Amino acid sequence: MPRFYFRVVTERGHGRRLAAVCYGLVEGGGETARFTVLLVDEWGEKEILRKVKDLGLFELGQAFIPLGPRLKEDFSLTVSRAISNGILVSDEESAVALINKKLSESQVFDDGGHETPQDSHPGRERNKQLVQRLCAEGESFLKRHAAPS
């Protein structure tokens with residue numbers, strides 16, 4: 001079953017939107033991951049949401065099992081933005097059920113106290129820096145939580 005480290009960076013402006021998504025396919029029990037970074041500045045929020053939908057993020061089952069810190073916040077925001085952008089058609093009750101069911105299949109790790117790259121200020125260079133940090137945190141996170149070989 002494909003497990004993915006999953007994090008998002010957000011921006012506040014005229015409401016909260018995704019600035020970037022960083023995900024990494026976890027292989028070998030968390031020992032390695034190939035990270036993909038999707039920046040809104042390059043792709044646009046709708047296209048990022050289409051890409052993660054195509055990966056199976058919004059489907060129940062084993063297509064895309066997310067793991068990581070702040071998973072509830074990151075996944076909930078992503079679902080909300082997908083609904084707002086017309087990528088995912090759902091009412092509020094169904095969206096909450098999807099989030100709860102998907103998270104029950106996922107691995108949520110609480111690395112309490114770590115700074116999170118949320119609520120960035122708009123700006124291409126700033127977003128790239130935040131995402132680079134986010135992916136570096138992901139590599140560190142995966143090393144800490146790797147299953148013994």
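Among contacts in the protein chain between residues at least 6 apart in sequence, 64% link residues at least 24 apart. Keep in mind that what you're looking at is a predicted model. Of the 149 residues in the protein chain, 42% are buried.

**The overall layout**

- Read from the N terminus, the elements go β-β-β-α-α-β-α-α-β-α.

- Isoleucine 65 and arginine 3 are 62 residues apart in sequence, yet their C-alpha atoms are 4.6 Å apart in space.
- Glutamate 139 belongs to helix α5, which covers residues 124–144.
- Glutamate 139 is 134 residues from tyrosine 5 in sequence, while the C-alpha to C-alpha distance is 9.2 Å.
- Is glutamate 139 buried or partly exposed? Its relative accessible area is 43%, so glutamate 139 is partly exposed, between the 20% and 50% cut-offs.

**Getting into helix α3**

- Arginine 70 has a positive phi of about 55°, although it is not a glycine.
- Arginine 70 is partly exposed, at 27% relative accessible area.
- Helix α3 itself has 14 residues and spans 20 Å from its first C-alpha to its last, close to the 20 Å expected at 1.5 Å a residue.
- Which residues of α3 are buried? They are Leu71, Asp74, Phe75, Leu77, Thr78, Val79, Arg81 and Ala82.
- Just past the end of α3, glycine 86 has a positive phi of about 75°.

**How α3 meets α4**

- Helix α3 (residues 71–84) packs against helix α4 (residues 92–105) at an angle of about 145°, and their axes are 10 Å apart.
- The crossing of α3 past α4 is right-handed.
- On the α3 side, the contact is made by Leu71, Lys72, Phe75, Ser76, Val79 and Ile83. Their counterparts in α4 are Ala95, Leu98, Ile99, Lys102 and Leu103.
- Sorted by class, this contact of α3 with α4 has eight nonpolar residues, one polar and two charged.
- A handy rule for reading a list like that: an α-helix has 3.6 residues a turn, so residues three or four places apart point the same way.

- Arginine 7 lies in strand β1, residues 3–13. With a relative accessible area of 2%, arginine 7 falls under the 20% cut-off and therefore counts as buried.
- What does the side chain of arginine 7 make a polar contact with? Its partner is the side chain of aspartate 74, at 2.9 Å, and Asp74 is one of the buried residues of α3.
- Glutamate 45 is in helix α2, which takes in residues 45–55. Glutamate 45 is buried too, at 9% relative accessible area.
- The side chain of glutamate 45 makes a polar contact with the side chain of arginine 81 at 2.8 Å. The glutamate 45 side chain makes another with the side chain of asparagine 85, at 3.1 Å.
- Leaving out residues up to four places away in sequence, glutamate 45 touches Arg17, Leu18, Val40, Arg81 and Asn85.
- Now take the view from arginine 81, in helix α3. Arginine 81 has a relative accessible area of 17%, which is under 20%, so arginine 81 counts as buried.
- Arginine 81 touches Arg16, Arg17, Leu18, Glu45 and Leu49, again not counting residues up to four places away in sequence.
- Arginine 81 and lysine 46 are 35 residues apart in sequence and 8.6 Å apart in space, going C-alpha to C-alpha.

Key: Residues numbered from 1 in each chain as written. Predicted model: local features only at pLDDT ≥ 70, side-chain atom pairs only at ≥ 80, totals over all residues. Heavy atoms only, no water. Axes fitted to C-alpha atoms, helices over the stretch in contact; angles between N-to-C directions. Helix = DSSP H or I, 4+ residues; strand = E, 2+ residues; numbered from the N terminus. Left-handed = near helix turned anticlockwise from the far one by under 90°. Contact = heavy atoms within 4.5 Å. Nonpolar A, V, L, I, M, F, W, Y, C, P; charged D, E, K, R; others polar. Expected span 1.5 Å × (residues − 1). Buried < 20%, exposed > 50% of the residue type's maximum accessible area, 1.4 Å probe, protein only. Polar contact = N/O pair within 3.5 Å; in protein donor to acceptor, adjacent residues only side chain to side chain.
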